[in-house]
Structures are given as structure tokens and as C-alpha cells.
Amino acid sequence: MKFLMHEEIAAFLVKSTGSIRETISSFSWFFLELIYKAMSEYLGSCNRFFLPRKLRFRDTFLQNIHTLVTILINDVIEKLIKDPRQAKSVNASLGFFLRDSLSLMDRSFSLQLIRDYLVIFSEKLSLATSESSQTSLMSLRIAFLRIICSHEHFTIINLPFDLSPTSTTSTSANSNSIYQSPFKTSNSSFNNGINAISSSSTSTSNNQGAAPPSPSGSSSLSSRESSSHATDSQCPSNLLELSSSYKSKHFLLGVVLSDLSATLHSTNSTAQAKTIALVKTLLATHETDLRLSDSALKNRVASLYLPLIGILMDVRGCLFDPYGQCLDGTPVFPRRTKHSPGVNPKVALAISGLSHSDTTKHSKSQISHTLSKDLTQQLLICFCWVIKNIDKSTLKHWMRELSPQRVHQFVDLLQLCISCFEYDPSKQTSLGSTASSAVIDSSAACLENDETLIIKSIETSSLFGGEKISGTIRWRMDEVGCLSRKRKTTIYSHPSEVEVALEKQVATEVTLITVDTMETLLKVLAMPASDHLHYLRPILVRLLMHIFACHQSVQSLESVFATQRSIVANYASLIFEERTELCAELCLQLLRHLASRLPTIRSNAAASLYLLMRNAFEHSSSFSKVKMQITMSLSTLVSNASSYGFALHESNLRRSLKTLLTYLENDLSVSTELQKTSFATQTKDLVFNLHMILSDTVKMKNVSNDFEMLIDLMFRIAKGYQTNPDLRLTWLINIANKHAERENYAEAAQCILHCAALVIEYLSMRSFGEYSIPKGAVAFEELSENILEESATSDDVISPDNDGVCESAHFSIDGFVHLIEKVASFYEKAQMFELLPNVYKLILPLYEERNDFTRLAHLHQHIADQLKKVEPPVSAILDVADAFPTPLPGSDKRCFGTYFRVGFYGYRFGDLNGEEFVYKEPAITKLSEISHRLEGFYAERLGKTNVEVIKDSNDVDPRRLNPEKAYLQITYVEPYLEVWERRKRGTHLQCNYKLRHFSYATPFTKDGKAHGELKDQFKRRTILTTQYSFPYLKTRLRVIGREQTTLSPIEVAIEDIQKKTRELTAVLFAPPDAKMLQMVLQGCIGTTVNVGPVQIAKVFLSNMSVDERGKPRDKLQNKLRLCFKDFTKKCSDALAKNEQLIGADQTDYQRELRRNFAEYTSQLYQIIGIPSSSSSMTGRIPLASIQLQHSHHSNPLAAIAADIGPVTAV
């Protein structure tokens, strides 16, 4: 028998053993290349290329090749631990040989060898115990697949779809050869549940079905077009799934996509990155393949990757979403943050409605991990390539057959593409470019006529991936071939410029693909028998709003505006009647783009807004509503522009409003019918109102850094809309957002409470008792003393039935419930849990009326859970003149705010000159903190040398101040409650809620000094009355009244003793704390300070005159004497409690405290003790005797009460 060279080499390699086999394995690349070269020479010299592939080589040679491949596979696995580098080399050599064999040998045989490789690796993966070994095996396997898939006829081998109905039927014979991915899809290791490939070999016929042989090594895709019938437009919905039929017909691609699906469900980031890079490289190869320049061919190739869309739908939960982690919370309608695009779509709720989403929440895979942004972008760019190149008729029929859940997931992926590829203008700004904050300049973002060739001296990442191009990788296609289509060359000197330019182009391309797909979906909705897809209309409109909200290029926005105008024209009833919140959101986005710096964007936005109004006017019932929504949108936009992350240029907006009038004039000149209507008049009135709002914008810009002044201005604007409920509601919500941003939750709750009162006021005018709702704003008085501002009792109040009034969805029962729940949410954040029952009782009757017992049970349980957070109130008698208990200040750990009086003096303050305000600051704010903040702010605004802070709290005489300077006087104030108020307020919250009166004290002496001797120390108490009660819509309230009283020296002494008594009382009733108790005791009877109380007694009680009952005739002296008795009693109780708390190591300290107390009571007895003659006549025992001898008295408290006498005696 004549032996051929390739057969001899194969036989020698198979039979080799020992060191020879080891050498062969080390130089496998050489021997395998030699075999391939010999095979090629044999086929060429013997003219065997024209034979069928099965007849080209002998069976013995094929058997040797099969054995050799098995040997090399085992060598790869064995050397993986000993010599990983050698294992990678052998693995790559084997991959290149099998890839090249697809061009020479029977492809069924070559694919069987590839399958054997996958089977063996699957078994080894199932037995791997450590994560590192699993990762190494997967890396080799993916590298092998990457080489195999680089074959020039990869597309032919995978048999492009014939979308005929018969192509979707799978036979049982083919099911035996289906490849199953070895990767475990759970988050644990890959040890269990692995479906390995069956080790039994498949029949030749079956393999031929999987990979039909080509008659020649140079077969083209066009040669197979005859297998495609006219039924290509039919696309069954099961083509989206990675089904058994798909895997049997498209073996290699089925393996790749199966591995992609499995790795995405795993937590192995290395395998995920390599598998995604493989898919991305395949698509990049298709994109640059000149053989696929025909769109029909590329459509068929794209159809191969339909299961990729299904895979991404299944793993949507693990894809990175820039805006999927928004903080829930603080603003009523979320502001722009780093987690939200542009003007957050939910802000439309402030204009038109509630967040009652119409879309069903589709289920997502429960995946705990999240891919990185880079990997997510690579997956999504593959997704975009597929939907861009797939035949549109195929996409239409495919979308019609998908389930609603799948369609929703598909649109969700489109939205995710927009989010992930949104261009960040800050990158361009950092490179010295000047880009608009709303859009990207078209000259930089996209190229309309010419493509750009990026020339650079360093390696950069390609559009389809982040891997560097290396010339040593023989299986990577050379990308120079694609340069023939380039016509324009742009040279970038900095690598960052390359990345920015590339990012702009990708962002533009992704947006155009998404918009084009939206157009296709809209055409599907317009097709006959598509009524079952009408639920998709609002979802597509919301996707359009999301595109508007993200940063886009000029070219992108032109397409988006065109699509938007088409949607408004074709779905007017949806936008103007069925889903009015979509119209509100659209108005907001169009107004935002009206302020763009680029004239092209402004003209497009103006045209869209004008056509929106024109279409609304044709629906006469909705034009007034659209006008109101436009006005409210602008109000929302100007008040929250900074929060949404862009600067509102009112000058550009004014130009755009003039453009609206230009469009109007053009229409009036050509349409006589339009001249007969009121459209022109109403449009001009609307533009005038918008100009007035812009005037307020200028004022708000000037005070944007002064929070208090900004809130005052917004409050005045809201006050100006007292007769326009919709706009007042909008501005109140805007103020609530501002407060929520600064965590002023009590004030935010008040704003929404006023909104609810405003809504219920108009609902009660319209309901006529058909609902169980409160009868106007008066029902809210328990929650706020200021709420009657929303009462519609004035003569100029408009009726809710008037056209264009109360159009917001908040003016409904559901809207009212939503507002009340938001009020409760803010109260919870402000820790005002006691108010929740009064809040929820406003809506409980509605649930009772609806028999919604589930919701009722939830609300009652929620109220109970929140009220458990309130600590039981601790009360005590803090004043001997008032027998009613008062909550102890320190018994509740909650702090609801700190208050300061701020006076402004000087003409430089403008309208604030001569005014006094009470500022509410966050809890535990020190005087130095607010002084530093205000001084720094006004010094920056008025000049450092022109601002001065008055350090004392004395009355200010403006005539003695320097007229060229601005003076601030900042004083700490405390809430002031009259005696009757303290009796009514039995909890800590009640003592800190509905506050209108505040007090502060100023010490002085008659000689002008602030402090002097006890007998000369006076105090001036000032009681301030504010315009409204705290908490309110604002954190600073104007002082409208002040009352001053002067305390005599003895009254000052009484206050000092009462203050110490309150401190003792608070410690006694508080939870046991030995350190705090000893600290307060030391301050009362310590050796270093006990001269204080004793000295007070010496000064004011030494020469007191008593009556026949032994009581001082002077009421103030008698009150001071009773204060001392109370103070002494509290000291005695504190000593007794301290003795119970201390340990043995503090016995001496306790003995010292008792000695100090005895000395104190002895001195006090000598001062206020009553002569023995008087004692014998009255039979009364002096206080000191009681305290020193109380151990011999059976009831010392009764004796003290008898000595004090009735409270009215004070």
C-alpha cells in the first residue's frame, strides 16, 4: 500500500510514547501545521479538491486524526496544572488545526472532533472542585471556540435561517446531537447539575444535518440563497428562544450562545468577559465582512442571532442600569441625581398625575450579581447590531407573535440601551470643548456624510470591544480591509479625544437604531388585527420620553422630534385624553429643549410644541388642559432646573417662545378657518403667561445660593397663584422638593399637607357628598394652624367646574389619597409618629366605603408599628406655681429643631433691612454654626468688610450703627409656652409643634454692664411672635410681634433655682445614669459651687419679713423660699438615688456629697430658718430641720407639703 506523507505523520504521532510524545506535545503547532500542509499539497497535486469531502481522505487517516485529537485534548487538561503556558499553546494549536480542517476535510467529521473536545471539557468542568481550576478550564475552552469561530466560512457552517415554516420543526434524530452547555447556571460552583454532552457518536446523516459539507473550500453565502423561499418574512416567535431545534441546526453558534446564557447566570466574571468578547468579535467580523455588503445577506446573518435577544431578556436583571438604583425617596417627585437621566420622567406627576404605571411588571430572572458597565455595553451593542440588521418585515411579524411580557422586556432593553450609551457632556468639557448641557454638537457627535478614520499612534479599544489588536494573532481578521470605505481622515492628538469621539458616534448610532425600531413597532401597531398590542402605545411613548431626557446629539434629536410629531398626530386620543400624564411629560421635555443653546434644537422643539397645541386645539375638550400642563411644566422646570442637572437659559427660551408666535402667524396667513377660532388669542395668552414665569426665573437665579430667600420667593410665587389651584399645587410641590433635598421633612410634610387641603377644598365643592371625604381645609386644623390659607372662601375663588381648572390628576380621590400617603411618609421621616393617626383618618373612610379591608388592615398595622417607636412620656411638676405635670425636656431623645432669631440692619440688605426672623435649623445646631454660615454667605455676597455680626442680644439702635455696613444679630431662642399651653401639651411632640412664640433673655445691670452682683443683676425677657406657626412651608418666619418684660434681681434668682431644680428632676426621672446624676449633683451641692445657691439665699432671704404664720410677706421672697424647698428636696432624692447606683469604690465620694449637702442645708437653715419663738407659736418645723431630721419622721413628704402650703399662696 502506498503511504502518503500526512498519513505517515499522523500514524507516527499516534504511536509515539514516552519522551517522544512529550516532545510532540510541546511542538504540536509544528506537527499539526505540517499535517495540514501535507493534506493541502495532496489534494492539490492529485486534483482531489473536486471530490466530495467524504472521499478525499482514507478512513485510517481519519481514525488516526481522531485519536491524535483525543490525545492532545487530554494533554491540554493534564498540563493545565503543571505548565499552564504549555497547555494554552497546545490548546491554541489544536484549535487552529481543527479550524483549518473545516476547509479541507469532511465538515461533519471536523465538527465531531470539535464536539469531542467540548464533551471532554464538560466532564472535567463537572469534576472541578476549585473556582480557579474551573476558570482555567473555561478560559481554555472559550479560547478554543474563539479560534474555531474565526473560520472564514463560519456563517456558511452555521446554516443561516431559512424562515420557512418547515425550518422550525425538529426531528427526534437531531435531538440526540444537541449540545448542552457545561456551565452551571446557579450562583454556586459548577460542580452539580451539569448537563454534559452524550459521549456516543452521532450518525453521519445527523451530522450532515448539523453542518452540510460544501462542494468547495471557497463556497459563498450567495450560493445558498436558493434554499431561502419567499416565506422569509414569517418569523415564528420560538426563533427567539435557544431551542433544541436551533442548537441542532446551528451547532457552533448554538454552543457559543448556550455558553453565553450559562455564564451570564453564573458569577464567574472571567468567563462572562471572555464569552461576551467572543460574541462581540463574531458580530464585528460580520460587520466588516465585504461579502455581507448586501443588506439581504446581512439580514439573514442577523437572523442567526435572534436567540441573543431572548438571552438578554432573560438576564435583564443582571445588566448594569445607570438609572436602575435611584434613591426612593426624598423628593415627592424625584429630582435629577447621578442615578436619573435629564429631567426624570416621574416629574410629570407634578404636572398631571400620579405614578400609577400602566405597564405590567414583567418577571426577571432572580440574579443576585450585576455585570459591569463595560460588559453590559458590549452585550447591548450586540443587541443593537442584531435589531439594526434584521429584516424589518421579519421583526414586525415576530413582534406580533411575542407574548406581552416578552414585548415589554424587548422595549425595556431598548430603554436600557439609551441609558447605558448616553453621552456625558462633562467629558467633552474636561477636554476644553464647549458643549451644551442638553445636547451634543452635531459636528462632533455624528458624521452625516463622511465617516471618520481615527489615526493614532497607540493601541485603543475598538468599537465592539475593549481588547487590543495584536498582529500576532493569526485568526483575528485584519481590519485594514474595511478602510477602503473611509473617505475623510481626522487626526486626534490626544487618546481621550479618540474615546470621546467614538463614544459620541456610538451614542448617536444607538439612539438612531432605537428610534428606527420604535418606528417599526409603531407600524406593527397600525397593522390590521393588532388590537392586542395597543397596551404597547403608552410604553413606547414613555421610551420616547426617556430618549428626550437623556443627552442626545443633534442628529439623534432630529429623528426623535420627527417620531414624536408622528406619535402626537396618530395617537392624539391617547396623549390628550386617555393618558394625560404623557402629555404633561412631553410638555416638560419640549420646554426643556426650547432652552437649548443650539438653534436647530430650539426650532425643532418649537415646531413640536406648536403642533402639540394645534392638535390639542382640534380636540377642543383638551386644549385648556394642555395649556395648563405647559404652564405647570415651565413652573416646575424653572424651579428645579439645577436639581435636574442642567442650566435653564431663559434668553434662549424667550427666543423659542417668539418662534411659536412666528409659527402661529404663518398658520393664520394661510388658514382662514383658523382665523375664525380663538386659537390665536389663547396661544398669545399662554405665551404671555410663560414670559411672566420666566421673569420669576430671573429672580430665583439671583437668590439660588440663599436657601431661605429662594424659599421665600417660591412662597410668594405660590401665593400669587392663590386663585389658580393647579399652579399653586405645582409650586407647593416644588417647595416640598427643595425641603426634601435638605432633609427638612417636617416642612416638606407641611407643603404636601397644604396640597392635600387645596385638593380637598375643590373636591368638596364638586363632590356634593358622594364620597366620604373631609369637608374642606378646616378638617386639617388638628395638623396645622396655617392650613386655612387653602380655604376657598374669598370672592375671587374660581369654580372647579370652569374650563381649564383643576386639570391635574391630583384633583381626584386617588390624587388626594396619594398626597395624604406622601404626608405620612414625610412625617415618619421627621419622626413625628404621633401625627400619623390624624393623617390617616382623613382617608380611612374612603377605604371603608370601598370595603378595602386589606388596605385598612395594612394601614392600622402600619400606624401601630410607627407608634411603637414613641417612647412613653415622662412628666413632672417643674414649677411650684403650677401643679400640672410637664413633659421633661430630656426624656425624649428626638429633637425637632433648633431656633434662632436673626435681625438684619443696614440698607445693603434691601428689603430685609430692619426685619427680624426666626430661623429653624436642624437639630443640635450651635449658635456658632449658624453665625458662621450666615456671616460667610453675606460676606461673599456683600463684601467681607461690609458685614459685621453683633455679638450680644441687646436691643439695636440703627442710628448708632455705621450706615455703610450690614449688621447681623443672631440669638438663640427657645419655644415659649404660656402656663395654659403647657397644661394642654402633654407630650414631647406637642411641646415642639405649632410654635408661634419664642423667648430669649438678655442680662443687664443699671450701670450698663451685662453682668454684676446678684442684687444688681436684671434680665430682660423678650417674647417673639412669628407670622405663622412652626413647622410651616418655610424654615424662617417673620417676627410680627415682640413683648418685653424686665425681671428684677430676685426674679432672676428664682429662675436660676428653678432651672437647677428642672435639671435635677430630669435626671431623677430619666433612666438610671450614675455619671449624669453625679454631674448634676456636683453642680448643685459641690464644694466649688455651693456658694451659688447659698449666696442667693443670703442676698434675698436674709432680712425677709414674715407674718404670724411664719410665711414671708413678700410674694417673691415666699416664692424663692418655696423654690429652695423644692430644690433641697430634689437634692435629697438625687443623693438617695445615687447611693443605690454607685459601687463600693465610690462610697467615699457619696460620703463627701452627703457632707456637702448637710453643710448646704445647715447654712440655708441659718438664713431662712424661723425663730424658735415663732416655731413654738405656730407649731411649724423649718425646712432645714425637716431635711436634717427626716429619718426620724414617719412621713417627711407630708411634712414638706404641710410646710409649703397651698400653691395659690405663692
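1. Two strands count as paired if DSSP finds at least two bridges between them, where strands (E, at least two residues) and helices (H or I, at least four residues) are DSSP runs numbered from the N terminus. Strand 7 pairs with strand 8 (residues 916–921) in the antiparallel sense over 6 bridges. Strand 7 also pairs with strand 10 (residues 966–975), again in the antiparallel sense, over 7 bridges.

2. On conventions, the model is predicted, so local features need pLDDT of at least 70 and side-chain atom pairs count only at pLDDT 80 or more, while totals for chains, interfaces and linings use all residues. Residues are numbered from 1 along each chain as its sequence is written, and side-chain values use heavy atoms, with hydrogens and water left out.

3. The protein chain averages a pLDDT (the predictor's confidence in each residue, from 0 to 100) of 76, and 76% of the residues score at least 70. Over residues 431–489 pLDDT stays under 50, and the model has 103 contacts beyond four places in sequence for them; a contact means heavy atoms within 4.5 Å. Residues 1170–1210 also stay under 50, with 54 such contacts. Where pLDDT is low, the predicted coordinates should not be read in detail.

4. Overall, the protein chain has 46 helices and 13 strands. Buried residues make up 54% of its 1210 residues; buried means under 20% relative accessible area, exposed over 50%, and partly exposed in between (1.4 Å probe, protein chains only). Among contacts between residues at least 6 apart in sequence, 75% join residues at least 24 apart.

5. Strand 7 (residues 898–905) is mostly covered, with 8 of its 8 residues buried. T898, F900, V902 and F904 point one way from strand 7, while Y899, R901, G903 and Y905 point the other way. In a regular strand the side chains alternate between the two faces of the sheet. Helix 14 (residues 306–314) is mostly covered as well, with 8 of its 9 residues buried, including P307, G310 and M313.

6. The search of the whole structure finds 33 aromatic pairs. Rings of Phe, Tyr and Trp (its six-membered ring) pair if their centres lie within 6.5 Å; planes under 30 degrees apart count as stacked, over 60 as edge-to-face and the rest as tilted. The rings of F383 and F410 have centres 5.7 Å apart and planes at 65 degrees, so this pair is edge-to-face. F383 lies in helix 15 (residues 373–389) and F410 in helix 17 (residues 404–420), 27 residues apart. Both F383 and F410 are buried. F1127 and Y1160 form another edge-to-face pair, at 6.0 Å centre to centre and 90 degrees between the planes. Because F1127 lies in helix 42 (residues 1115–1141) and Y1160 in helix 43 (residues 1147–1168), the pair ties together parts that are 33 residues apart in sequence. F1127 and Y1160 are both buried.

7. One aromatic cluster consists of Y610, F617, F623, Y663 and F679. F623 is also touched by T683, which contacts M613 and L664 too, not counting residues up to four places away in sequence. T683 lies in helix 29 (residues 679–702) and counts as buried at 0% relative accessibility.

8. Two arginines sit over aromatic rings. A charge sits over a ring if NZ of Lys or CZ of Arg is within 6 Å of the ring centre and within 35 degrees of the ring normal. R742 lies over the face of F707, 4.0 Å from the ring centre, and the charged end of R1036 sits over the ring of F917, 4.6 Å from its centre.

9. The search of the whole structure finds 0 disulfides, a disulfide being a pair of cysteine sulfur atoms within 2.5 Å. For C420, the closest cysteine sulfur is that of C417, at 7.3 Å, which is too far for a bond. C420 is buried, with a relative accessible area of 2%, whereas C46 is partly exposed at 42%.

10. Most residues other than glycine have a negative phi, and most peptide bonds are trans. The peptide bond from F1030 to P1031 is cis, with omega near -10 degrees, and P1031 lies in the loop between strand 12 (1018–1030) and strand 13 (1036–1047). E743, not a glycine, has a positive phi of about 65 degrees; E743 is exposed, with a relative accessible area of 55%.
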